[in-house]
Number of protein chains: 2
Amino acid sequence: MFSGFETYIKEQANLNDHEVQLMRSMAVERSLRRREFLLQQGQVCRYKIFITKGLLRAYSAGGDGSEHIVQFSPENSWITDPESLDKGSPSNSNIDALEPSEVVLWTKKDLHYLAANIPGLKAYFDKLISRSSYMFRQRLLSAISLTAEEKYEEFIKKFPHLLERVPLHMVASYLGVTRETLSRIRRTQLIRK
Amino acid sequence: MFSGFETYIKEQANLNDHEVQLMRSMAVERSLRRREFLLQQGQVCRYKIFITKGLLRAYSAGGDGSEHIVQFSPENSWITDPESLDKGSPSNSNIDALEPSEVVLWTKKDLHYLAANIPGLKAYFDKLISRSSYMFRQRLLSAISLTAEEKYEEFIKKFPHLLERVPLHMVASYLGVTRETLSRIRRTQLIRK
DNA sequence: CGATTCTTTGAAAACAGTCAATCTGTGTGG
DNA sequence: CCACACAGATTGACTGTTTTCAAAGAATCG
């Protein structure tokens, strides 16, 4: 529902009531069933999505059955394919719901209008982009510098709550290892104690 | 020299002469010797750096001798630690010159002033941040989904020119494999032909 | 030239992936 | 309420890849 978003955005950005109403007037609310898609590889991404409830993920699927998860997005976070949305190019990502979810979404056109007319929103989006860039840079560094076990421990520290909501084979896919390897890492950690 | 930057920025952003002069008035020009540092791990990053000539890199060093290269920046590109610059937090990156280089740099304070007073520059910086975010996202995906050999081939396709300017052990460090592994990948590629 | 940096190679060990089987818990339909 | 299907997690045996360590061969710079 929109009210969840309203609460959130008022904490994060400096918007007056009129500005929030403007956002509401362009927002689309959707409920998602588990496994429901909001974007599939090859399509052009048309929305920027805010999650008010539930859990979504963005992932890329290889020709074989392999899936590589780029992002988990729980309630009070955003998800989209920024490059596809921005350029109108075909996405190489899928976005789907891991839990029954509630989302609010806007089209690119409306976002442009909103950002151009609500300075506080523009500033907030700028901050979002920066943060996401820092995060990917940091995660890339981890990917090229840490062992599988270290990556797993970093994941636990950063997202302790996610571990309880996401099946382990998806954590493995997020870390870039197979589910079997992750399972063995967890076993040796148990044994060591 | 600044003139190299001036040529570049006039192509990339919509700046009038007065705006370019404003940028010049706040710019610091520096010549760098090979191996000279512009930032070392633990310091707060104070500059955003434009390279007019030469080649710089940003990398993170582990307690052992390991180095992990996050970015190469040749002439007509930017380098900094965005998060450290932005937040004033200690950087976990080093930035140094791989070739004798010429750079132009600005402090955070001056950049804010410039971006706030030159709309075209702000738009250009926004685009830079987006691009860098797309790049890291893509590179992360490659890091968790490709084999070492595929990553090497992707690197060659994306930066054919860099291969001639960067020692192979640094390419290895950028890809997240050891120099020995990269050497063996290259050998099997030769044999296959 | 001499020193340093860079690249390659070999052999052994550590690590991660694959394939196949089993085990667990959950939820659904009969 | 039970039986069964299904998704998730684990395990073993095996294979393949990457790292590590040590050494030596090229290339480059001053």
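**View 1. The largest nonpolar core.** In this predicted model, the largest nonpolar core has 79 residues. A nonpolar core here is a set of buried Ala, Val, Leu, Ile, Met, Phe, Trp, Tyr and Cys residues joined through C-beta atoms within 7 Å. A residue is buried if 20 or more other C-beta atoms lie within 10 Å of its own, exposed if 12 or fewer, and partly exposed in between, with C-beta atoms placed from the backbone. The residues with the most contacts inside this core are A:Ile49, A:Leu140, B:Ile49 and B:Leu140. In soluble globular proteins, nonpolar side chains tend to be buried together.

A word on reading these views: residues are numbered from 1 along each chain as its sequence is written, while chains are lettered from A and ligands numbered from 1 in the order in which they are written. Because the model is predicted, local features need pLDDT of at least 70 and side-chain atom pairs count only at pLDDT 80 or more, whereas totals for chains, interfaces and linings use all residues.

**View 2. Where chain B meets chain A.** Here 22 residues of chain B are in contact with 22 residues of chain A; contact means that the C-beta atoms of two residues, placed from the backbone, lie within 7 Å. On the chain B side, strand 5 (67–74), helix 3 (82–87) and helix 5 (119–145) each supply at least two residues. Helix 5 of chain B gives the most, with 14 residues. Helices (H or I, at least four residues) and strands (E, at least two) are DSSP runs, numbered from the N terminus. Look for B:Leu140, which touches A:Val70, A:Phe136, A:Arg139, A:Leu140 and A:Ala143, not counting residues up to four places away in sequence.

**View 3. Two copies, one axis.** Chain B can be laid on chain A with an RMSD of 0.0 Å by a turn of 180° and a shift of 0.1 Å along the axis. The two copies are thus related as by a two-fold rotation axis. The superposition is by least squares on the C-alpha atoms of residues with pLDDT of at least 70 in both copies. Of the interface residues of chain B, 100% are also interface residues in chain A, so the copies meet through the same surface.

**View 4. The surface near DNA strand D.** Among the 14 residues around DNA strand D, A:Pro167, A:Leu168, A:Ser183, B:Ala148 and B:Thr181 come nearest. A residue is near a strand if its C-beta atom, placed from the backbone, lies within 6 Å of it. Two or more residues come from each of helix 7 (168–175) and helix 8 (179–191) of chain A and helix 8 (179–191) of chain B. Helix 8 of chain A gives the most, with five residues.

**View 5. The surface near DNA strand C.** DNA strand C is surrounded by 14 residues, of which A:Ala148, A:Thr181, B:Pro167, B:Leu168 and B:Ser183 are the closest. Helix 8 of chain B gives the most to this surface, with five residues.

**View 6. Two domains of chain A.** The domain assignment, whose bounds come from an automatic or database source, gives domain 1 (2–144) and domain 2 (146–193) of chain A. Their centres, taken over C-alpha atoms, are separated by 25 Å. Nine residues of domain 1 and ten residues of domain 2 take part in the contact.
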